[in-house]
Amino acid sequence: MAYRLGVDVGGTFTDLLLLDSAGGRFWRHKTPSTPADSATGILTGVAAICDQAGIEPSAIGTLLHGTTVATNAVLEGKGARVGLIVTRGYRQVMQIARSFVPGGLAGWIVWPKPVPMAALQDTVEVDGRIDGQGAEVAALDEASVRAALELLKARGVEAITVSLTNAYLNGDHEARIGALAAEIMPGTPVSLSHVVLPEMQEYERTLTTVANAAVRPVVGRYVRSLRAKLRDTGMQGRIALLRSDGGLMSSEKAEEHPVSLLMSGPAGGVAGALWVGRNAGLKNILTLDVGGTSTDVALIENLEPRRTRTTEVGHLSVRASSLDVKTVGAGGGSIATVPELTGALRVGPQSAGAVPGPAAYGKGGVLPTVTDANVVLGYLPENLLGGAFRLDRAAATAAVQTIADALGIDLMAAARGIIDIVNENMFGALRMISVQQGYDPRDFALMGFGGAGPLHVNAVARLMGSWPAVSPVSPGVLCALGDATTRMRTEAARSFARLARDTSEADLLGALETMAAATVAELVAEGVPEDEVTSLFEIDVRYEGQAFEVPMTITPDVLRADGIAGLLARFDEEHRRLFTFNMASPHEIVNLRAVALGRTLDLPAAPLEPGDGSPAAAKLRNHELWMDGRMQPAAIYDRAKLRAGDVIPGPAIVVEMDSTTLIESGHAGTVDAVGNILIRPEAH
Amino acid sequence: MPATIVETSTVPFEKVAIDPVTLDIIENALRNARVEMDATLVRTAMSPGIREQGDSFPLIADRHGRMVVGQFGSFIGGFLDGYGGTVEDGDMFFLSDPYSVEGAISHSNDWLVLLPVYKAGRLIAWTAMFGHQSDIGGKVAGSMPINAHSIFEEGVRIPPVKIWRKGEYNEDLITLVMHQTRKPDWCRADLNALIASCRVAARRVLELSERFGDELYVAATEELLARNHRAMKTLIASSIGTEPVSFEDFICDDGMGFGPYRIRCTMHREGDRVILDFAGTDPQSDASINFYLNENMFKMFFGIYMIMVFDPAILFNDGFYDLIEVRIPEGSLLKPKFPAALSGRTHALGRIFDILGGLLGQRTPEFLNAAGFSSSPHLFYSGVDRTGQWFQLFQIGFGGIPGRPMGDGPDGHSLWPGFTNVPNEFLERYFPLRIERYETVPDSGGAGLHRGGNGIHMTYRFLEPGIVAIHDDRWFVPPWGVNGGAPGARARKILERADGSEAIVGNKLEDLAVEAGDQLHFITWGGGGWGDPLLRDPALVEKEVGEGLVTAAGARAYGVVVGDAAATEALRAEIRAARPATAALFDRGPEIETLRANCLAETGLPAPRQPVWRPERAAA
């Protein structure tokens, strides 16, 4: 039972990566995704990869899965019909939201207002009131609750959400409504806001609870179907899902708390980057996950990815812990345009998507995309390895020529312009998570993955000053790799909202330890041996009066040793790093979280056979590409034939099944001991 | 007496050619820097006005002070023209007095920080940001007394001064300023936040000029402005006629019993240039509703509206300014004479946008929006709680967004860029308040094919005795509908005393004493409707009745009888037969004199009296 299977379901392909945790060997497989029921594609992939490895599905000890099922349910509005119960006077909490209209001055003229996730007809009010300090002002009127539930029952809602004003301080009324709901609507799932998110801010708490309730049935159906199908193949091992924050949770827990899955997809890539980083000896990494329509970036410091307390999905900002992944609408399918009035060159955020796709794909697309520019410049060879997929160079040229004509420049300059602009957009996203957070990108390596990451990673690293630029082993299935190699994680959160000077260490530690005990018990219940569980505390601190808090991660031992004073000193330091100043105002301890973590798997990458330093044996052919304003001779290499220690001088292209790595002129790529290509400027 | 720019290097900036790709990269990078300014400010400011609501405005300008990225246009030109001192490397400026900068900021609550960015002895850029301070001293908490007769009653006035002089911090200056406010903790944090934002942007500009070279960076800012100039020139030629078009609208009252005040603007094109003339606007008020409108700021408003209405793909900057001429009569409501009070300028500021919409859309009704950018309702509540602590709240509310060509106006949303509401749980946790109701007002959005957004009904229950002030408008003159859409409902405020008695209170009001247990119903206006309400799908109207956004009675304005298709059919026919064959472009509701006659009956408040001006002001 030593096999771990990572599965990442993307929009186009389902990637699988099978790890033999004893031998360190791995197998990878790609199969088309089956959007109607992703489980079908997964099962096809499982059969194929087991075949490849010569094992039975029953040999798989754990299946680890990153999924966008929850994300898509939100984005496509395909969640369950949710009935919402709120405090009298707050029926329109989802309709008014935060009153925010994006787009700057006069942006309201062109803003399409999204439809609330819980319909107003399915939102009902009940009487009873908790005040801003958590005290009951008016008792819960059970008659109004019964009437509300009967109404929702009659309307045919599929799930119930209860979100009462100030429930984050006192959940008694919500709990009572939950009990009545179980009586009146047995079998209908109920989400209570003080359980899902015991934090201040009625709109955010309600939205998060509604989102959770809306995706629960969808995720539940999916997980149960997947589990049943896997069991049918004889696979009896554990099934775990990847949370937005990069940890794993059991599929049963995921059914209850699917709002933690909204960034499951991108989290896989970051988890994979962590594994690669550990094996390549890189501790500080910026990730660049370039897909067809968008690019996800994240920051890893000292092998710990940065997390945030909000998950952004489409227009929704849900309060759930998530890796701090920023997404920018720049990918291989991003379309280049030259608006008539300004004559400026714009790339994205519109995308040709998979259909019609870039002109070079020959599926009917005619608009110039980033992929087409890469083809024109010679960065993407027409005939990809395997030969199954041939790019249409003539169509790409015709598409990019329209940009050249509109700008009055030549074809190659236009193509390079498109690449420069899209790289700049990626650069902008990377700056937001690095420079803007007070990090110096020169202290980080940049790792490019996803289909097109390794094509852009060298150029973007040049903009960032982040070396080496890394093209990891099997960049196309890094998400699946991450799914397979990350660890269990769970957390509990609550509001604290007290001034530090009014808080005793005993109170603070007492609250945290109660939460820690619950999270540890949860992991133990999921089968993690107790001696493998480690606990961490996260404490949100701010200066009294600020709106944003800084999350401080601290181990129980350090908190006991340094006390609150030590915590505040670290906060001051962090605040100065982020914002350049400190304040004399008192500190406020806003929220507490306890995190329990399973053991990190010690899975070394399989070593690559050492070579003689020359990549000559892997060379496929000579090539020519446009770089630095001229056509240059280059070479194309087969990644599978590269050996450890090989040094590839730029300009060069390294091809493999599902990805292409570009090494620019003036740079060289070194193959490390496990097969990653580390690109550096030649002067380095 | 313009400012003296001191540069230790006299090497002129070379004209260098710049390729379009590099240009776009620099523009993109500057936009990112601006986003970064906002993020820095919101995360470190403390007053709810800035941190929760986002009442602040960043910009990055070229070396001449012209805005390259930002949103309200540059306030630097006004500063440079009015400042008599030097600008040197290591300086940072601070100011709040509108009269010192030609109205570039429009009331003393807005604190502006300006940072000249030097590189190798030459000025290469400016970064700047202003933010609304919740209290700057003066006669009332919140420092915006509607009944002020001069700016001296409105708190501390800061002329352009240097916080940093050649790198040396002027602590005494800040100590002096902070001594004037009731909330020095908020002001100090907010000022720090403004400074940090400007510094972040300056760092980005320096990095960019390092990366591309100083000459190229400066050339790029020139070209970005020129590119915008070319785009706007084309847009103006195709969208603005040579025949004059006029539009007028009103501020309901001045809080002192007089009103309404007329704002009128006439637009025409002469060659490439658009002339915007405010002749016909009423003279300045003796109260604080005056809005010192900076000509350049109005050019930017105009430009942004042009872009948003006709071609949202264009990015805006100051490059098009010489294509526009703005004429504002001296001594008018929009160019009052010193020392006129200015703190209540938000109503006229909002109304300017309705006027722009009305002006630009007249010739192209398919692009016309209804009215609703009507005000920025303020609530102030202050006092001493039972533990002896001073509390003070300044909160900005929202109304209904107007019906638009693209669809319904959102209910209870913000027309101001970047603004959000304050979470009620935050209010209840940190202020002696309970928010008993927070919903929109059914039927308050004007009926139309595209319904106007509903206004908000927010009920504050005060838990401590205190003093309340209210600033709102659109309670007397309704927000107009267009293309057959009906006007939106008007704002109103009701005080429900703990003993059960009720009183209608004014929409511009100072010093209202409230007791623990009293409730204030703060009700804002709805947006005007767009298009013929009889063309709205009856199923949609019925759905909105079920949602509580429209009442069964209100559905009749759409010719809909809930649950009865035949009756709907009949009612629609009846309404069609009774009304003129073609709808007027604008539906403003009744004439002003009719509104006046019915005011007490309809609003519960006495009608405002026609303002009377001293002869030297009457002719403006």
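Modeller: One term before we start: two strands pair if DSSP finds at least two bridges between them. Strands (E, at least two residues) and helices (H or I, at least four) are DSSP runs, numbered from the N terminus.
Biologist: Okay, and how should I read the model and its numbering?
Modeller: It's a predicted model, where local features need pLDDT of at least 70, side-chain atom pairs count only at pLDDT 80 or more, and totals for chains, interfaces and linings use all residues. Residues are numbered from 1 along each chain as its sequence is written, and chains are lettered from A and ligands numbered from 1 in the order in which they are written.
Biologist: Back to those bridges: what is the bridge partner of E496(B) in β21(B)?
Modeller: That's E502(B). Four bridges join β20 (residues 492-496) to β21 (residues 502-505) in chain B, and the two strands run antiparallel.
Biologist: Which residue in that hairpin takes a positive phi?
Modeller: G500(B), with phi near 95°; the hairpin has five residues between its strands.
Biologist: What's the strand order in the open sheet?
Modeller: In chain B the order is β16-β17-β23-β20-β21, five strands with antiparallel pairing. β16 and β21 of chain B are the edge strands, each pairing on one side only.
Biologist: How many bridges join β16(B) to β17(B)?
Modeller: Seven, and those strands run antiparallel too, with β17 covering residues 456-462. There, E439(B) has H457(B) as its bridge partner.
Biologist: Switching topic: how many residues of chain B are in contact with chain A?
Modeller: 63 residues of chain B, against 52 residues of chain A. Contact means that the C-beta atoms, placed from the backbone, lie within 7 Å.
Biologist: Which element of chain B gives the most to that side?
Modeller: α1(B), with 12 residues. The side of chain B that touches chain A divides into 27 nonpolar, 17 polar and 19 charged residues. Here Ala, Val, Leu, Ile, Met, Phe, Trp, Tyr, Cys and Pro count as nonpolar, Asp, Glu, Lys and Arg as charged, and the others, Gly among them, as polar.
Biologist: And chain A, how many helices and strands?
Modeller: 16 helices and 35 strands. Its C-alpha atoms fill a box of roughly 80 × 60 × 60 Å along the principal axes.
Biologist: How much of chain A counts as buried?
Modeller: 54% of its 684 residues. Buried means 20 or more other C-beta atoms, placed from the backbone, within 10 Å of a residue's own.

Conventions: Buried ≥ 20, exposed ≤ 12 C-beta atoms within 10 Å, placed from the backbone. Contact = placed C-beta atoms within 7 Å.
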